[in-house]
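I opened the model to look at how its chains meet. After that I turned to one helix.

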There are 2 protein chains.
Amino acid sequence: MVLLNFVLAESALELVPREIWSRPAVVSDATRRERKAGEILLDRSFHHSAMERLRDSEKRGRPDLVHITLLDVTGSPLYLDGRVMVYVHTYPDTVIEIEPKTRIPKNYLRFRGLMEKCLVERPTTGLLRVRQMSCSALLKMVGPGGAYGLSVRGKQSSLPDFAKRVADEGNACVVVGGFPHGHFSAETARSFDELVRIDSRPLEAHVVAARLIYQVEEAIRFND
Amino acid sequence: MVLLNFVLAESALELVPREIWSRPAVVSDATRRERKAGEILLDRSFHHSAMERLRDSEKRGRPDLVHITLLDVTGSPLYLDGRVMVYVHTYPDTVIEIEPKTRIPKNYLRFRGLMEKCLVERPTTGLLRVRQMSCSALLKMVGPGGAYGLSVRGKQSSLPDFAKRVADEGNACVVVGGFPHGHFSAETARSFDELVRIDSRPLEAHVVAARLIYQVEEAIRFND
């Protein structure tokens with residue numbers, strides 16, 4: 001049974017937005033890959049020069065971060081036991097819901113291909129399911145457990161203590177930012193019951209995810 | 001000061017070996033990338049059909065696993081504080097020594113390019129330094145601290161207990177297998193002072209690495 005709902009929020013994962021389809025960096029990448037501009041992932045490694053004038057540019061176009069975080073979560077025993085439900089909420093409010101135990105490709109190019117297919121076709125059934133909803137709507141849908149956002153702006157807690165609370169609660173939702181810089185949007189931040197800080201410095205999403213899941217496992221081990 | 005030497009051993013990271021340079025999967029990948037066959041990384045995602053007859057084929061050609069593991073190690077506060085020395089020992093006995101605090105590219109294609117450059121040019125100074133040596137020779141060089149291999153074949157220990165021993169020892173070497181399947185070679189296994197098992201099931205290298213480093217940090221926090 002699911003013990004933990006893990007949400008990667010405002011993730012830097014999206015198809016190239018229409019407003020930059022005709023920018024040279026996008027056209028040349030799409031041409032090289034023989035795809036339409038609107039059917040490839042926005043990726044700062046290739047589209048940097050085209051991203052300058054995008055709104056919130058510094059938070060977007062980093063599918064590599066989402067990939068690494070998903071690998072850390074899905075490689076954990078807790079996930080492999082079917083006890084973690086994973087949701088990737090993205091910058092443009094698309095949510096990818098991952099069926100427990102689903103394996104994520106370790107090769108980045110295969111991951112990219114899978115995400116592109118998923119965001120273009122938007123399946124509503126199967127191992128990866130797509131919905132259009134804000135992070136706050138997602139948290140309401142996942143409820144009724146507590147919703148905890150992790151952020152350096154939060155109230156300091158030791159990770160073992162926080163993980164124990166989450167494990168004891170049994171159906172909590174923990175939200176980590178899936179973007180390289182900056183903070184949760186005001187709307188997302190308002191949807192948390194609590195904002196928690198687990199380290200004195202900002203950590204990358206995948207590092208936070210790996211530690212959190214491990215500590216939840218440790219908390220259960222002591223409860224058992 | 002360095003507290004932990006982290007060795008990823010027999011890692012599935014190498015240039016395409018000469019014996020399969022002329023195999024069709026290798027030729028077509030090299031041609032597409034406009035590189036020589038001997039200057040690209042062996043990668044099962046692209047060279048699967050060419051790898052059939054390679055010795056220990058199932059342990060080789062997974063640079064993606066090495067990448068993810070390095071990202072988990074180098075994203076940790078312990079590494080960012082300059083307290084982890086990382087060595088990537090590879091299947092063909094090449095060792096890449098990573099200067100503490102060096103950042104590893106998160107984008108897989110950039111990582112691949114960096115590793116190819118490194119394995120072709122074999123720099124002996126700088127942030128990434130290359131030597132030709134076996135894992136056992138590496139452990140002797142890194143000594144005099146204890147050398148612990150992590151494996152499901154080892155003696156069961158709780159990770160917090162093991163991490164505490166490592167942290168208390170102060171200059172220990174922990175070795176994790178950098179390959180997708182199988183076990184350490186007999187020669188590598190003989191070079192450990194102890195073989196330790198930290199979970200009841202086999203875990204991926206990056207999952208083990210992330211947990212180990214986190215628990216070493218926790219152990220220090222309590223020591224301080």
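I count a salt bridge when a side-chain nitrogen of Lys or Arg lies within 4 Å of a carboxyl oxygen of Asp or Glu. Across the interface of chain B and chain A, the rule finds eight.

This is a predicted model: local features need pLDDT of at least 70, side-chain atom pairs need pLDDT 80 or more, and totals for chains, interfaces and linings use all residues. Residues are numbered from 1 along each chain as its sequence is written, chains are lettered from A in the order in which they are written, and side-chain values use heavy atoms, without hydrogens and water.

Next I looked up the contacts (heavy atoms within 4.5 Å). I found 36 residues of chain B in contact with 36 residues of chain A. In chain B, B:Lys106, B:Arg211 and B:Tyr214 lose the most area to chain A, together 22% of what that side buries. The two chains bury about 2,900 Å² between them, 54% of it on carbon and sulfur atoms. Buried area here is the accessible area (1.4 Å probe) lost on putting two parts together, summed over both.

Then I moved to helix α7 of chain A, residues 159-169. Helices are DSSP runs (H or I, at least four residues), numbered from the N terminus. Which of its residues are buried? They are A:Leu159, A:Phe162, A:Ala163, A:Val166 and A:Ala167, buried meaning under 20% relative accessible area (1.4 Å probe, protein chains only). They cover an arc of only 135° around the axis, so they sit on the same side of α7(A). The arc is taken from the directions from the helix axis to the C-beta atoms. After the helix comes A:Gly170, with a positive phi near 95°.

Key
Buried means under 20% relative accessible area, exposed over 50%, partly exposed in between (1.4 Å probe, protein chains only). Helices (H or I, at least four residues) and strands (E, at least two) are DSSP runs, numbered from the N terminus.
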